[in-house]
Amino acid sequence: RNMYEEDGDGTVPQRFLDGCKGDEDAAQQRWALTCAWRRSEKVDTFLSSPQPHFYMIKQLYPHYIHGRARNGCFVWYERPGLADLPRLFAPETGICIDDMLKHYVFVTEWIWNKLDPSESARLVSVWDMTSCSMGYDPRTHQPTH
């Protein structure tokens, strides 16, 4: 039985209570919103659905799981400054922002359903900002370095 189905038992998972620092009302509200979003986006079908852009996105936008932290959590790395965005979003790839969002949800589903499905699982996220810039040139619509 899928835990996100409307006719589920209504139990809020512990990770939602933990994320809301024990506030049961806030956790219940977040849980209800999550369930509704997952149903509307059909998230439970992502792991069994074709991912036609998976390898292209992996090649052009560096992100990966690499080992575990000292506390035993898996470590997730994203390296947005090393992404090849012009190639990633070039017309010939057929990849758009919506595809990137679906890819992110797919990877997240894989992490929590396959790699580490434990209710107590946690993830350490590292954003390597190498080659990122906070500058932006409005004349060229490009980041400044």
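Guide: Start with pairing: two strands pair if DSSP finds at least two bridges between them. This is a predicted model, and in it Tyr77 stands opposite Val126 in E3.

Visitor: Which residue stands opposite Trp127 in E3?

Guide: Glu78 does. Glu78 is also the bridge partner, in E2, of His63.

Visitor: In what sense do E2 and E3 pair, and over how many bridges?

Guide: Strand E2, residues 74-78, pairs with E3 in the parallel sense over 5 bridges. E1 and E2, by contrast, run antiparallel and are joined by 4 bridges.

Visitor: What is the order of the strands in the sheet?

Guide: The order is E1-E2-E3, in an open sheet of 3 strands with mixed pairing. Strand E1 (63-68) and strand E3 (123-127) are the edge strands, since each pairs on one side only. From one strand to the next, the twist averages 25°.

Visitor: How many residues lie between the strands in the hairpin of E1 and E2?

Guide: There are 5 residues between them, and in this hairpin Gly72 takes a positive phi near 95°.

Visitor: Is E2 mostly covered or mostly open?

Guide: E2 is mostly covered, with 4 of its 5 residues buried. The cut-off to keep in mind is that buried means under 20% relative accessible area, while exposed means over 50%. Over the protein, 27% of the 145 residues count as buried.

Visitor: How many helices and strands does the protein have?

Guide: The secondary structure comes to 5 helices and 5 strands. Read along the sequence, they follow the pattern α-α-α-β-β-α-α-β-β-β.

Visitor: Let us take a helix, then. Where is Arg38 placed, and does Arg38 count as buried or exposed?

Guide: Arg38 is in helix H2, which covers residues 24-41. Arg38 counts as buried because its relative accessibility is 7%. The side chain of Arg38 makes a polar contact of 2.7 Å with the side chain of Glu109.

Visitor: Why does Ala27 count as buried?

Guide: Ala27, another residue placed in helix H2, has a relative accessibility of 0%, so it counts as buried. A spatial separation can be read beside the separation along the chain. Ala27 and Arg15 are 12 residues apart along the chain, and their C-alpha atoms are separated by 9.0 Å.

Visitor: And is Ala32 buried or partly exposed?

Guide: Ala32 is also in helix H2. With a relative accessible area of 39%, Ala32 is partly exposed. Ala32 and Gly10 are 22 residues apart in sequence, and C-alpha to C-alpha they are 8.8 Å apart in space.

Visitor: What about the surface? Which residues form a nonpolar patch there?

Guide: A patch takes in residues with over 30% relative accessible area and no salt bridge, nonpolar side chains being joined within 5 Å. Here the nonpolar patch is formed by Leu85, Phe89, Ile97 and Leu101, which together have about 370 Å² of accessible area.

Notes: Residues numbered from 1 in each chain as written. Predicted model: local features only at pLDDT ≥ 70, side-chain atom pairs only at ≥ 80, totals over all residues. Heavy atoms only, no water. Patch = residues over 30% accessible without salt bridge, like charges linked within 9 Å, V, L, I, M, F, W, Y side chains within 5 Å. Areas by Shrake-Rupley, 256 points an atom, 1.4 Å probe, with all protein chains shown as cover. Salt bridge = Lys/Arg side-chain N within 4 Å of Asp/Glu carboxyl O. Helix = DSSP H or I, 4+ residues; strand = E, 2+ residues; numbered from the N terminus. Buried < 20%, exposed > 50% of the residue type's maximum accessible area, 1.4 Å probe, protein only. Polar contact = N/O pair within 3.5 Å; in protein donor to acceptor, adjacent residues only side chain to side chain. Axes fitted to C-alpha atoms, helices over the stretch in contact; angles between N-to-C directions.
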